[in-house]
Amino acid sequence: FEFILVLFYSTGLAFQIPIIQILIGLLNIVSPKQMLSAWRYIILISTVLGAILTPSTDPLTQLLLSLAILLLYFSGLGILFLIKN
């Protein structure tokens with residue numbers, strides 16, 4: 001039961017990434033081009049977060065959470081590019 005609860009909260013937290021990203025972009029704290037130029041670091045960070053936030057040592061679950069974080073980051077970046085242009 002605890003496994004599902006931790007995975008539920010970590011996935012819910014990951015879905016906040018585009019919202020935070022759009023707010024940061026609209027407040028001109030970081031530009032969309034700066035966010036795009038940091039894609040290598042985002043891949044590393046998403047992999048580390050996927051490993052930390054998943055409660056098991058199952059590599060498939062870690063990979064799926066990492067891919068979800070990456071997908072959400074790049075979709076938020078795409079939305080921000082559309083809003084800014």
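This is a predicted model: local features need pLDDT of at least 70, side-chain atom pairs count only at pLDDT 80 or more; totals for chains, interfaces and linings use all residues.
Is Y73 buried or exposed? Select Y73 in the viewer: the residue has a relative accessible area of 9% and is therefore buried.

**The whole chain**

Show the protein as a cartoon. The secondary structure consists of five helices and zero strands, in the order α-α-α-α-α along the sequence. The protein has 85 residues, and 26% of them are buried. Among contacts with a separation of 6 or more, 72% are between residues 24 or more positions apart.

**The nonpolar core**

Next, select I22, M35, I42, L70, Y73, L77 and L80. These seven residues form the largest nonpolar core. Its largest share, four residues, comes from α5. Keep I22 selected and show its surroundings: leaving aside residues up to four places away in sequence, I22 touches G76, I79, L80 and I83.

**An aromatic pair**

The structure holds two aromatic pairs. To see one of them, select Y73 and F74. The ring centres of Y73 and F74 are 5.4 Å apart and the ring planes stand at 80 degrees, so this pair is edge-to-face. Y73 is buried at 9%, whereas F74, with a relative accessible area of 35%, is partly exposed.

**The largest pocket**

Of its 18 lining residues, select I17, I42, L49, I69 and Y73, the closest to the pocket centre. I42 and Y73 are also members of the largest nonpolar core.

Colour the helices separately to see where the lining comes from. α1 (2–14), α2, α3, α4 (39–53) and α5 (59–84) each supply at least two lining residues. α4 gives the most, with five. Then colour the lining by class: 14 residues are nonpolar, four are polar and none is charged.

**A loop residue**

Last, select N28. This residue is in the loop between α2 (17–26) and α3 (32–37). Phi of N28 is near 60 degrees, a positive value in a residue other than glycine. What is the relative accessible area of N28? The value is 59%, so N28 is exposed.

Technical notes. Residues are numbered from 1 along each chain as its sequence is written. Side-chain values use heavy atoms; hydrogens and water are left out. Buried means under 20% relative accessible area, exposed over 50%, partly exposed in between (1.4 Å probe, protein chains only). On a 1 Å grid over the protein atoms alone, a cavity is a set of points where a 1.4 Å probe fits but cannot get out, and a pocket is an open set with protein on both sides within 12 Å along at least five of seven lines; lining residues have an atom within 4 Å of a point. Ala, Val, Leu, Ile, Met, Phe, Trp, Tyr, Cys and Pro count as nonpolar, Asp, Glu, Lys and Arg as charged, and the others, Gly among them, as polar. A nonpolar core is a set of buried Ala, Val, Leu, Ile, Met, Phe, Trp, Tyr and Cys residues joined through side-chain atoms within 4.5 Å. Contact means heavy atoms within 4.5 Å. Rings of Phe, Tyr and Trp (its six-membered ring) pair if their centres lie within 6.5 Å; planes under 30 degrees apart count as stacked, over 60 as edge-to-face and the rest as tilted.
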